[in-house]
Amino acid sequence: MGMWASLDAVWEMSAERRIFGAVLLFSWTVYLWETFLARRQRRIYKTTTHVPLELGQIMDSETFEKSRLYQLDKSTFSFWSGLYSEVEGTLILLFGGIPYLWRLSGRFCGYAGFGPEYEITQSLVFLLLATLFSALTGLPWSLYNTFVIEEKHGFNQQTLGFFMKDAIKKFIVTQCILLPVSSLLLYIIKIGGDYFFIYAWLFTLVVSLVLVTIYADYIAPLFDKFTPLPEGKLKQEIEIMAKSIDFPLTKVYVVQGSKRSSHSNAYFYGFFKNKRIVLFDTLLEEYSVLNKDIQEESGMEPCNDGEGDSEEIKAEVKNKKQGCKNEEVLAVLGHELGHWKLGHTVKNIIISQMNSFLCFFLFAVLIGRKELFVAFGFYDSQPTLIGLLIIFQFIFSPYNERIACGNMIKKVYFA
């Protein structure tokens, strides 16, 4: 009997090590593969020194060379920042960074009079410490990207003081959203019984829809001032184009992006019959005039995660100071309005929610497996938040990577 118990213990330990090893192996495999692809692309940036024939009619040599050198610098930065991120994540796993941070969170809770039974409170402290660590370790890379690379190529418009103020404000707003939502999600999982995954999925669906709905009206104004696009030819042409495809446009805004960068961007958002278009001031020829009314205001980049009915308009055009002509602005808008007209936005929402439901269902199946927790250093407890982290970030990593590849292929062929 003792021999069989010993064999079972060896098998369990072996399974835990296999899980941990598989996670690290897959992470490094993906990283090395993506690095290989990036290296091939970098070779193209280096060797293609003349405007390709296909672009000869629409791009001059000076613009092409500026773009090429910019992409080379971005590629170098991406390599080193990616390597750092991969090494950092590996060291955190190898040296037990996650269980250490969980124990540290428990000690902080203990100082405040909250014992181990207050798991949700400890989970919130863990999230706060984890996001603070991530913000601090990512800060040097963000500073280098902004004040070295973007500055070198003439895109950065920020001062160091504005950058730091903006970063602190973003962190605070993120915590104000992340912590309450996380506490409610953990509470739902705790009390949801056998079908908690359905309630958790419905909760995240509602939260995502609410955030998309209130973002531009209540969150973005904490950073930006949205100014209605003045009456004129451009506004008339946008309204005519929207009406031609029955796009329910209600308002067109201009948001100050020139305070931060000279890159151009635009997006639309809203549900049902209440759609709004937002243009960065850098996209417009008249943006220097529009900025006179908002030059004292700060800015915040738009929500680019594609959640809800919000759609980023991918206009990473490195424009000159005068911005784009009306025809170019309409072309950029027309591309994304075409996605709306063909129902791509709704289809993406449905696919996204089906994927979310599947992930919560699989989470419900796996959350009771003790070996998953032991593999990552949790021998005596199985915190729900840690289970979410282990399963969604590590165990689902092959599935998540497959979804990411599918999205990339879809963008290449249908964007």
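In this predicted model, E62 and K66 both belong to helix 2, which spans residues 61-94. They are four residues apart, about one turn of the helix. The two side chains form a salt bridge, with 3.4 Å between the closest N and O atoms. Both ends of this pair are open to the surface: E62 is exposed, and K66 is exposed as well. In general, side chains of opposite charge can pair when their charged atoms come close.

Helix 2 carries another such pair. E65 and R68 meet through their side chains in a salt bridge, at 2.8 Å from N to O. These residues are three apart in the helix, so about one helical turn separates them. Their surroundings can be read from the accessible areas. E65 has a relative accessible area of 27% and is partly exposed. R68 is at 11%, and because buried means under 20%, R68 counts as buried.

A further salt bridge joins two helices. E119 pairs with K190, the closest N and O atoms being 2.9 Å apart. E119 lies in helix 4 (residues 119-152), whereas K190 lies in helix 5 (residues 160-191), so the pair ties together parts that are 71 residues apart in sequence. E119 is buried, with a relative accessible area of 19%. That value falls under the 20% cut-off for a buried residue. K190 has 44% relative accessibility and counts as partly exposed. The structure holds eight salt bridges, among them E62 with K66, E65 with R68 and E119 with K190.

R39, R40, R43 and K46 form a positive surface patch. Patch residues have over 30% relative accessible area and no salt bridge.

The strands give a contrasting picture of cover. Strand 4 runs over residues 275-280 and is mostly covered, with six of its six residues buried. Cover is found on both faces of this strand. K275, I277 and L279 are buried on one side. R276, V278 and F280 are buried on the other. The charged residues K275 and R276 are thus among the buried positions.

Strand 4 has two pairing partners, described here in turn. Strand 2 (residues 249-255) pairs with strand 4 in the parallel sense, over six bridges. Within strand 4, F280 is the residue opposite V255. Strand 3 (residues 266-269) pairs with strand 4 in the antiparallel sense, over four bridges. Here F268 has I277 of strand 4 as its bridge partner.

D246 lies between helix 7 (233-244) and strand 2. Its phi is positive, at about 60 degrees, although D246 is not a glycine. Most residues other than glycine have a negative phi. The side of accessibility is clear too: D246 is exposed, with a relative accessible area of 60%. This value lies over the 50% cut-off for an exposed residue.

Definitions and conventions
Residues are numbered from 1 along each chain as its sequence is written. This is a predicted model: local features need pLDDT of at least 70, side-chain atom pairs count only at pLDDT 80 or more; totals for chains, interfaces and linings use all residues. Side-chain values use heavy atoms; hydrogens and water are left out. Patches are made of residues with over 30% relative accessible area and no salt bridge: like charges are joined within 9 Å, nonpolar side chains (Val, Leu, Ile, Met, Phe, Trp, Tyr) within 5 Å. Accessible areas come from the Shrake-Rupley method with a 1.4 Å probe; for residues, only the protein chains shown count as cover. A salt bridge is a side-chain nitrogen of Lys or Arg within 4 Å of a carboxyl oxygen of Asp or Glu. The place of a charge is taken as NZ of Lys, CZ of Arg, CG of Asp or CD of Glu. Buried means under 20% relative accessible area, exposed over 50%, partly exposed in between (1.4 Å probe, protein chains only). Two strands pair if DSSP finds at least two bridges between them.
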